[in-house]
Amino acid sequence: MSADRIKLKRLRRLERLRGIARQTALGEAARAESALAQVASLEARTTALIKAYRLRSDARDGGELQQTQRFVAGLTRIAEATAADLVRAREAADARAAEAAEAERRRAAVDDRIEAAQQRMARKAAENAHPSAPSGPLGTPLE
């Protein structure tokens, strides 16, 4: 087996590995985006609950009003924690998306190298099949 064929075989193996790495990175990016969406939904629901309880005016006495205020204070702490989680989830999703893009660039680079190697092999094969320079002297023996 020629050196070019061995190199092409290695490049194809590398391309398969980079393809697997790309698929893994895409899966992780999708999971991170899903987690981000869940945290964003939780934050929106918590904020809506806080607004709804703050607007309530059906307390019959001071005790109920105080209980509602404590509940709203607890929800506010949860909302603050959720907002921090949302920031972390967004950073994680962005990082995973960047990793997926890098994995795709690496896979594409190997693909380009494979194409270049195949073209180089095709040129060599064409040169060997149809030599560009004549093998003997030009002209006739009389010249």
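This is a predicted model: local features need pLDDT of at least 70, side-chain atom pairs count only at pLDDT 80 or more; totals for chains, interfaces and linings use all residues.
Biologist: Why are tyrosine 53 and phenylalanine 71 called an aromatic pair?

Modeller: Rings count as a pair if their centres lie within 6.5 Å. For tyrosine 53 and phenylalanine 71 the value is 4.7 Å centre to centre, so by the cut-off of 6.5 Å they form a pair. By this rule the count comes to one aromatic pair.

Biologist: What makes the pair of tyrosine 53 and phenylalanine 71 edge-to-face?

Modeller: The angle decides this. Planes over 60 degrees apart count as edge-to-face, and the planes of tyrosine 53 and phenylalanine 71 stand at 65°. The pair is therefore edge-to-face.

Biologist: How do you know that this pair links distant parts of the chain?

Modeller: Tyrosine 53 belongs to helix 1, residues 3-55, while phenylalanine 71 belongs to helix 2, residues 62-129. The two residues are 18 residues apart.

Biologist: Why is tyrosine 53 called partly exposed?

Modeller: Partly exposed residues fall between the limit for buried, under 20%, and the limit for exposed, over 50%. Tyrosine 53 has a relative accessible area of 25%, so it belongs to the class in between. Phenylalanine 71, at 40%, is likewise partly exposed.

Biologist: What makes leucine 36 buried?

Modeller: Leucine 36 has a relative accessible area of 14%.

Biologist: Why does valine 39 count as buried?

Modeller: The relative accessibility of valine 39 is 18%. That value is under 20%, and valine 39 is therefore buried. Valine 39 is also found in helix 1.

Biologist: Why is the contact between aspartate 4 and lysine 124 called a salt bridge?

Modeller: Side chains of opposite charge can pair when their charged atoms come close. The cut-off is a nitrogen of Lys or Arg within 4 Å of a carboxyl oxygen of Asp or Glu. In aspartate 4 and lysine 124 the closest N and O atoms are 2.9 Å apart, so the contact qualifies as a salt bridge. The structure holds ten salt bridges.

Biologist: What does the pair of aspartate 4 and lysine 124 tie together?

Modeller: Aspartate 4 lies in helix 1 and lysine 124 in helix 2, so the pair ties together parts that are 120 residues apart in sequence. Lysine 124 is partly exposed, at 40% relative accessibility.

Biologist: How do you know that glutamate 102 and arginine 106 form a salt bridge?

Modeller: Their closest N and O atoms are 3.3 Å apart. Because the cut-off is within 4 Å, this is a salt bridge. Both residues lie in helix 2, four residues apart, which is about one turn of the helix. Glutamate 102 has a relative accessibility of 30% and arginine 106 one of 47%; each counts as partly exposed.

Biologist: What makes aspartate 58 and arginine 56 a salt bridge?

Modeller: The closest N and O atoms of aspartate 58 and arginine 56 are 2.9 Å apart, and the limit is within 4 Å. The contact is therefore a salt bridge. Aspartate 58, with a relative accessible area of 49%, is partly exposed, since exposed would require over 50%. Arginine 56 is partly exposed at 40%.

Biologist: Which residues are linked in a network of salt bridges?

Modeller: The network links Glu15, Arg22, Glu104 and Arg107.

Biologist: Which residues gather in a patch of positive charge on the surface?

Modeller: The patch consists of Lys7, Lys9, Arg10, Arg13, Arg16 and Arg113. Helix 1 supplies the largest share, five residues, and arginine 113 is found in helix 2.

Note on methods: Residues are numbered from 1 along each chain as its sequence is written. Side-chain values use heavy atoms; hydrogens and water are left out. Rings of Phe, Tyr and Trp (its six-membered ring) pair if their centres lie within 6.5 Å; planes under 30 degrees apart count as stacked, over 60 as edge-to-face and the rest as tilted. Buried means under 20% relative accessible area, exposed over 50%, partly exposed in between (1.4 Å probe, protein chains only). Patches are made of residues with over 30% relative accessible area and no salt bridge: like charges are joined within 9 Å, nonpolar side chains (Val, Leu, Ile, Met, Phe, Trp, Tyr) within 5 Å. Accessible areas come from the Shrake-Rupley method with a 1.4 Å probe; for residues, only the protein chains shown count as cover. A salt bridge is a side-chain nitrogen of Lys or Arg within 4 Å of a carboxyl oxygen of Asp or Glu. Lys and Arg count as positive and Asp and Glu as negative; His and the chain ends are not counted. The place of a charge is taken as NZ of Lys, CZ of Arg, CG of Asp or CD of Glu.
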